[in-house]
Amino acid sequence: MAARQPVVKVHLRQLNGSQPAYPGRLIFYCHFLLYNRDMIKIDAHAKINWGLNVLYKRDDGYHELDGVMQLISLHDTLFFGFDDEDGISVVSSPSTLPCGRDNLAYTAAESYYKQSGIRPSLMLLIEKRIPMQAGLAGASADAAAVLRGLNARYCAMSQDDLTGLGKKLGADVPFCLQTSAARARGIGDVLTPISCKHRFFVLVAKPNGGVNTAEAFKSATYGSPNDIDNICCAIESGDTALLAQNMGNAFQRTAEKLCPGITEIMRIMSENGALNASLTGSGSSVIGLFETEKALNYAYESISGKVFWACPCTTV
């Protein structure tokens, strides 16, 4: 007699992109362990911007950028399960996140299956740690992890194919696919990898509230106020002092006006040992650079409870 399918599987199945019920982390993990022995697990790392210049607005409506991005230890974790049932099912923890086409991870899976011609058959759990509306590319990191996970399963695309598909999903997805540190030009998709053998100690903190990206671009400071060449040299050489001297973000002033909590976070970081603090992405997260892990942890203990969210990290 065929094994009886557990009731929990019905609860986890997503129908037409609707929000499924979330039965609890323990039950979901047990489900994956029991019914997906070929499960794939991938960490999706957040990114930070050490420097970001908005050069000008292009004829196509996009903005020409020049900056430096690097992955940090903060990450989401994605679990991939495969079975004989058709469709794409996404469940997240916390369960308040969208699980249909409003979730870039779902769209990435859908796009991969469509471009490869493979029949969709995926159960995906996203354990979310990267906050939303934070300038940390959490959605892009998850989308890139989906592409990597599916390609590990099916081997249906080359790296160039994955990068091309990632570019269609979002400007930060190619970076999350390819490297741990890079100079990013164009709309953020023209990448020059940066060799980095040194770990930098970074405190990431977010106020209660986000920054609307469109509004940030409207009032961004155009030009090259931040020395991107020096930032690249600092990362390659592991020169923390040089990196601190050159950190900067073209969205800084606008973001502080749109979200005043950013200014307070920068003040607290500076008073607790940060060599420098700056906005990452278009906000609303702030990154603080520290000389040592001890200094980082001291600042984290000082800032905890005073801000909406904070996390001590290292670069990867």
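Visitor: Is Cys 155 buried or exposed in this predicted model?
Guide: In this predicted model, the relative accessibility of Cys 155 comes to 63%. Exposed means over 50%, and because Cys 155 stands at 63%, the residue counts as exposed.

Visitor: Where is Cys 155 placed, and what is its phi?
Guide: Cys 155 belongs to the loop between helix 4 and helix 5 (159-169). Most residues other than glycine have a negative phi. Cys 155, a residue other than glycine, has a positive phi, with a value near 50°.

Visitor: Does Ala 137, which has a positive phi, count as buried or exposed?
Guide: Ala 137 is not a glycine, yet its phi is positive, at about 60°, and its place is the loop between strand 4 (121-127) and helix 4. Buried means under 20% relative accessible area, and since the relative accessibility of Ala 137 is 13%, the residue counts as buried.

Visitor: Which helix gives the most to the lining of the largest pocket?
Guide: The largest pocket, with a volume of about 900 Å³, is lined by 40 residues, and Ala 137 is among those that lie nearest its centre. Elements that each supply at least two lining residues include strand 1 (40-57), helix 3 (104-116) and helix 4 (138-154). With four residues, the element that gives the most is helix 4.

Methods
Residues numbered from 1 in each chain as written. Predicted model: local features only at pLDDT ≥ 70, side-chain atom pairs only at ≥ 80, totals over all residues. Heavy atoms only, no water. 1 Å grid on protein atoms, 1.4 Å probe; cavity = no way out; pocket = protein on both sides within 12 Å on 5 of 7 lines; lining within 4 Å. Points joined across faces, edges and corners; volume = space filled by probe spheres on them. Buried < 20%, exposed > 50% of the residue type's maximum accessible area, 1.4 Å probe, protein only.
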